[in-house]
Amino acid sequence: MTQAISLLDLLDWKRRVFGMYAGARAVSGSEAAWTRWREGRDELFASHPQSPLPPEDRSSFAGLPYFDYDPGARVLADVAPAEPEHYDIATSGEDEGTYGFTRFAHATFDLDGQPCQLELYWLDGYGGGLFLSFRDGTSGSETYGAGRYLLDTVKGADLGMEGGQLVLDFNFAYNPSCAYDPRWVCPLVPPPNRLTLPIRAGERY
């Protein structure tokens with residue numbers, strides 16, 4: 001019975017995250033939408049049974065830290081197909097497990113006047129899903145050292161498309177669950193997605 005309740009809690013968490021991103025897509029590029037997304041995450045972290053925070057930390061939780069909203073951190077990326085390549089992406093777990101993904105495309109865009117490229121991965125598990133994680137010049141100092149996530153559509157993190165281009169809004173970059181508690185196991189950032197450019201948008205650490 002306890003496991004069944006836990007799975008229903010997880011379903012509720014995912015349902016609410018999907019709703020938060022649907023709201024963000026409806027008014028894409030809006031600081032107000034980003035603020036509502038932040039508020040929604042804070043509410044989940046503070047009170048939801050599936051919160052990544054350890055239970056003993058939830059009562060004192062005062063909100064996740066972010067850089068100030070930057071409209072220039074929202075870009076539209078051109079997506080070009082890439083030769084499919086399977087990756088067993090390492091995880092944060094002590095058992096050194098992996099998640100299977102397939103690189104299927106490249107996303108290219110300009111950010112702060114610099115050309116950038118990130119690889120796009122498709123989860124090999126049932127149903128699949130787009131996964132995009134990255135490291136940047138702030139990783140390990142201002143942001144989580146193992147990198148941040150931007151898109152993870154199997155869990156609802158999806159900013160959509162505009163005019164055939166992929167929306168990458170780094171204001172919505174967030175830490176994986178393992179940043180808050182080592183009991184969570186998260187895919188790490190593959191080497192091709194480690195940028196040198198500092199991206200001061202999204203969640204801080």
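Modeller: Phe45 counts as buried at 3% relative accessibility, where buried means under 20% relative accessible area, exposed over 50% and partly exposed in between, with a 1.4 Å probe and protein chains only. This is a predicted model, in which local features need pLDDT of at least 70, side-chain atom pairs count only at pLDDT 80 or more, and totals for chains, interfaces and linings use all residues. Residues are numbered from 1 along each chain as its sequence is written, and side-chain values use heavy atoms, with hydrogens and water left out.

Biologist: Why is the pair of Phe45 and Tyr180 edge-to-face?

Modeller: Rings of Phe, Tyr and Trp (its six-membered ring) pair if their centres lie within 6.5 Å, and planes under 30 degrees apart count as stacked, over 60 as edge-to-face and the rest as tilted. The ring centres of Phe45 and Tyr180 are 5.0 Å apart and the planes stand at 80°, so the pair is edge-to-face.

Biologist: How many residues apart in sequence are the parts that Phe45 and Tyr180 tie together?

Modeller: Helices (H or I, at least four residues) and strands (E, at least two) are DSSP runs, numbered from the N terminus. Phe45 lies in helix H2 and Tyr180 in the segment after S7, so the parts tied together are 135 residues apart in sequence.

Biologist: Is Tyr180 buried or exposed?

Modeller: The relative accessible area of Tyr180 is 16%. By that value, Tyr180 is buried.
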